[in-house]
Amino acid sequence: MKIVFAGTPEFAREALAALHAAGHEIALVMTQPDRPAGRGMKLQASPVKQFALDHSIPVAQPHSLKLDGKYPDEALAAQAQLTAIAPDVMVVAAYGLILPAWTLALPQHGCLNIHASLLPRWRGAAPIHRAIEAGDAATGITIMQMDAGLDTGDMLLIEKEAIRPDDVTATLHDRLASLGGRLIVQALERLSLGALPATPQPAEGITYAHKIDKAEAAIDWSLPAEQIARRIRAFDPFPGTTFQLGEDTIKCWAAAVVPASGAPGQILHASGDALVVACGEQALALLSLQRPGGRRQPVREFLQARPVSDTHVRT
């Protein structure tokens, strides 16, 4: 099948690599424009673009596909390019741009999306983070036929993936990226045989995974310890969770719930391998911390470098 692939981050690169390894004809890769990144803020190609260039696959990077939007010339050029290619299908994975109606209708078999949740739960931008934050026991990958809605299209393939007690977003992301690559290859094989039935999403169980906001990073110690611990795992590696210790903004990367109590934010213990802080319910033993400009450290190393005499931490 002749494929146009649209994606940007590492999650999408895994799917592109799987399609390439399976021998599919990838006529074009679409990815977002290069962005400044790193300490020098130099322009950096996306993981998807890097893979495409390494494998001599043509790349297009329009800022928008909306013909009536801010970049109409780029959208028109993309439309002409896709029309000339006449793809059998477009595969979309974390592309980051809205696909207008003309894009959805252009491929013979439409656009197939690799979504990192068990739809209709966690439609939207941050399904992996929100599944961990909510305490879900499982998530998964849904291969979906795209329509004009936000992750509302018919389901084509779906497979569960357990969320482990120690999962952070980074570890779960990597397993789901691999699963997404495997499932999209299966989906295209079945599609080529005319054996990929579509199932409408249930009307019940719809939730939305809103984009992660940096403002969510600050720990609210009045919340139950278990809820805070899940958010710490969900926000690893981005944006991390923070609290104030004296004048310092400290990042917390790992914590465990302990059966202790006190006023929310009260430091109950601060020596050896333990920095224990009371929460709205129970307490958290903070296990991995990071000072401004420093690296992640086990709490013992942190306390050796920064002894704690404070009685409370703050949001």
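**Figure 1. Pro127, Ile128, His129, Arg130, Ala131, Ile132 and Glu133 are the buried residues of helix H5.** The model is predicted: local features need pLDDT of at least 70, side-chain atom pairs count only at pLDDT 80 or more, and totals for chains, interfaces and linings use all residues. Residues are numbered from 1 along each chain as its sequence is written, and side-chain values use heavy atoms, with hydrogens and water left out. Helix H5 spans residues 127–134, and seven of its eight residues are buried, so the rest of the structure largely encloses it. Buried means under 20% relative accessible area, with exposed over 50% and partly exposed in between (1.4 Å probe, protein chains only). Helices (H or I, at least four residues) and strands (E, at least two) are DSSP runs, numbered from the N terminus. The buried residues of H5 pack against strands E7 (111–115), E8 (123–124), E9 (138–145) and E11 (208–209). They also pack against helices H6 (169–192) and H7. Contact here means heavy atoms within 4.5 Å. Gly135 follows H5, and its phi is positive, near 80°.

**Figure 2. A seven-stranded open sheet runs in the order E5-E2-E1-E6-E7-E9-E10.** Its pairing is mixed. The edge strands are E5 (59–60) and E10 (155–162), and each pairs on one side only. Two strands pair if DSSP finds at least two bridges between them. Helix H3 (residues 72–85) lies across E1 (2–7), E2, E5 and E6 (89–93). H3 runs at about 175° to E2. That angle, on a scale from 0 to 180 degrees, is between N-to-C directions of axes fitted to C-alpha atoms, for helices over the stretch in contact.

**Figure 3. Strand E6 is mostly covered, with five of its five residues buried.** Val89, Val91 and Ala93 point one way from the strand. Met90 and Val92 point the other way, and all are buried. E6 pairs with E1: five bridges join the two, which run parallel. In this pairing, Ala6 stands opposite Val92. E6 also pairs with E7 in the parallel sense, over three bridges. Here the bridge partner of Met90 is Cys111.

**Figure 4. The largest pocket has a volume of about 1500 Å³.** Its lining takes in 47 residues. Of these, Ala94, Tyr95, Gly96, Gly124 and Ala125 lie nearest the centre. E6, helix H4 (101–105), E7, H5 and H6 each give two or more residues to the lining. The lining residues divide into 28 nonpolar, 14 polar and five charged. Ala, Val, Leu, Ile, Met, Phe, Trp, Tyr, Cys and Pro count as nonpolar, Asp, Glu, Lys and Arg as charged, and the others, Gly among them, as polar.

**Figure 5. One cavity of 30 Å³ or more is found in a search of the whole structure.** The volume of the largest cavity is about 80 Å³. On a 1 Å grid over the protein atoms alone, a cavity is a set of points where a 1.4 Å probe fits but cannot get out; a pocket is an open set with protein on both sides within 12 Å along at least five of seven lines, and lining residues have an atom within 4 Å of a point. Points join across faces, edges and corners, and a volume is the space filled by probe spheres set on them. Glu133 is one of the residues that line the largest cavity. Glu216, Ala217, Ala218, Ile219, Asp220 and Leu223 line it too, as do Gln227, Ile228, Arg231 and Thr241. Helix H7 (residues 225–234) gives the largest share of this lining, three residues. By class, the lining of the largest cavity has five nonpolar, two polar and four charged residues.

**Figure 6. Strand E16 (residues 283–290) is mostly covered: seven of its eight residues are buried.** E16 pairs with strand E13 (residues 248–258) in the antiparallel sense, over seven bridges. Ala256 stands opposite Ala285 of E16. Strand E15 (residues 274–278) also runs antiparallel to E16, joined by four bridges. Val277 stands opposite Leu284 of E16.

**Figure 7. E16 takes part in a hairpin with E15 and in another with E17.** Four residues lie between E15 and E16. In that turn, Gln282 has a positive phi of about 60°. Six residues lie between E16 and E17. In this turn, Gly293 has a positive phi of about 80°. Strand E17 (residues 297–298) runs antiparallel to E16, with two bridges. Leu289 stands opposite Gln297 of E17.
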